[in-house]
Amino acid sequence: ALAAAAATAAKAPGAKAVAVVEEAPPAPMVRMANLCCIAGHAINGVAAIHSEIVRTFTFKDFAELYPGKFQNKTNGVTPRRWLAFCNPQLSGVITKALGTDAWVTDMSILEKLAPMAEDAALQAAWTAAKMERKVICAETIKKLTGVTVPTSSMFDIQIKRIHEYKRQLLNIMGIIHRYNEMKAMTPAQRAAVVPRVCVFGGKAYATYLQAKRIVRLVTAVGDVVNNDPEIGDLLKVVFVPDYNVSLAEVLIPASELSQHISTAGTEASGTSNMKFQMNGCLIIGTLDGANVEIRECVGDDNFFLFGIEEPEVEPARAERAAGKFVPDVRFTAVMDTIKAGKFGKKGEFDELLGSLEGNEGFGRGDYFLVAKDFASYLEAQEKVDVAYQNQQAWTKSSIISTAFSGKFNSDRTIDQYAKEIWDIKPLPVTK
């Protein structure tokens, strides 16, 4: 059957693109992805945008040859661990408001929270639960890093694998811009600033030097900002070490804003965004991965969107390669601040900044478009600051985020795989 399928593929209009064996020097090479497309019963992406890219770009020829094989199965996370277990404070509030804990196995029940989102009693209990988790988080940060963070500040958290495409570099450069702006303010102007605790966490592959340089820049910025008496508690920057699931179970329930800011078209799905959403955290992000569907569920008003979209990415890279891109002056100012040695040693981050310079070439030309999205990112962050000052509206958005997180339940994902790909039936358990 496999041989027959391969023979059919070989006769396709784009036969070379779907070939299993590539006749390339120094020896023929088996193209494993093509072999999988031919042999596989079904092919799916793990978020709507990811599946569309797989179907229309990555395996376009195979999708035309075998259109029935291609599906979407958006990822999910278990509410038992990522809400009921790790956040008993908020879980208790939810159960009391709904009058049942059945939401733990049927997350569609959470939607009943939406009409209550402006209820004063629910908002008070919701805010109290969040504060309790912020206190626990602050204690953990103090224990792990020695940094004291004020629980009255907005907790802004980005925890995920350290990678250039996930753009922790965009986040920390935005923080540097924020710091520079605050330093230029009068004391009266600083009094109006929304205080933030900016937390990073994640692991980097042992030989991934650029990722390690990003981590080093975060810690270098923290060393300066956290010890600046002019800034005080208005801004704290922390990198929590040894990131793992147990630490995530502390950070996620405390987060009020979470950053999912990958270059459009690079994140397959992401699942931490789902965990944050379940815990009533608002998201700032690009239209990438599961962000697209999360935004559809919570509504535009409850998601801080920025950045170019996936179809604009390659034209943006072409613009850069042609030498036509002009970076925002605020981006240039941040680059100059780092180059001047304000954080760490002068020259320490030359290799890292080099990836953002030039127009093209390996490790050059800002492949992940940090500069391209920088102005849009800052504008979205300004909207975050304005929104956070209205705590009643912010809490309403938080409740709505949790209320419409049911789609991202792994029970739904597994059920779809079982019914639409694996063709397996439930086995009832008798008591």
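# Questions on contacts and burial

Me: In which helix does His50 lie?
Reply: This is a predicted model, in which local features need pLDDT of at least 70, side-chain atom pairs count only at pLDDT 80 or more, and totals for chains, interfaces and linings use all residues. Residues are numbered from 1 along each chain as its sequence is written, and side-chain values use heavy atoms, with hydrogens and water left out. Helices (H or I, at least four residues) and strands (E, at least two) are DSSP runs, numbered from the N terminus. His50 belongs to the run of residues 48–58, helix α4.

Me: What is the relative accessible area of His50?
Reply: Buried means under 20% relative accessible area, exposed over 50%, and partly exposed in between (1.4 Å probe, protein chains only). His50 counts as partly exposed because its relative accessible area is 23%.

Me: How far apart in space are His50 and Thr266?
Reply: In sequence, 216 residues separate His50 and Thr266. In space, C-alpha to C-alpha, the distance between His50 and Thr266 is 8.6 Å.

Me: How far apart in space are Glu139 and Arg330?
Reply: Glu139 is part of helix α8 (residues 120–145), and this residue is exposed, with a relative accessible area of 52%. In sequence, Glu139 and Arg330 are 191 residues apart. Their C-alpha atoms are separated by 35 Å.

Me: How many salt bridges are there?
Reply: Side chains of opposite charge can pair when their charged atoms come close. A salt bridge is a side-chain nitrogen of Lys or Arg within 4 Å of a carboxyl oxygen of Asp or Glu. Asp156, Arg178, Arg196 and Asp385 are linked in a network of such bridges. The count of salt bridges comes to 27.

Me: How many residues apart in sequence are the parts tied together by Lys166 and Glu267?
Reply: Lys166 and Glu267 form a salt bridge at 2.8 Å, N to O. Lys166 is in the loop between β5 (154–159) and α9 (168–183), and Glu267 is in the loop between β8 (257–260) and α13 (272–278), so the parts they tie together are apart in sequence by 101 residues.

Me: Which residue meets Lys183 in a salt bridge?
Reply: The N to O distance of this salt bridge is 2.5 Å. Lys183 lies in helix α9, and its partner lies in the loop between α11 (209–225) and β7 (235–239).

Me: Which residue in the loop between α17 and α18 pairs with Arg320?
Reply: The side chain of Arg320 makes a salt bridge of 3.7 Å, N to O. Arg320 sits in helix α15 (residues 310–321), 46 residues from its partner in the loop between α17 and α18. Both residues are buried. The partner of Arg320 is Asp366.

Me: What is the phi of Asp366?
Reply: Asp366 is found between α17 (350–354) and α18 (370–388). Asp366 is not a glycine, but its phi is positive. The value is about 50°.

Me: Why is the pair of Phe59 and Phe62 edge-to-face?
Reply: Rings of Phe, Tyr and Trp (its six-membered ring) pair if their centres lie within 6.5 Å; planes under 30 degrees apart count as stacked, over 60 as edge-to-face and the rest as tilted. The structure holds eight aromatic pairs. In Phe59 and Phe62 the ring centres are 6.3 Å apart and the planes are at 70°, so the pair is edge-to-face.

Me: Which residue has its charged end over the ring of Tyr367?
Reply: A charge sits over a ring if NZ of Lys or CZ of Arg is within 6 Å of the ring centre and within 35 degrees of the ring normal. At Tyr367 the charged end is 3.6 Å from the ring centre. It belongs to Arg317.

Me: How many disulfides are there?
Reply: A disulfide is a pair of cysteine sulfur atoms within 2.5 Å. The number of disulfides is zero.

Me: Which cysteine sulfur is nearest to that of Cys86?
Reply: Cys86 is buried, with a relative accessible area of 4%. Cys86 is in no disulfide, and the nearest cysteine sulfur is 12 Å away, that of Cys137.
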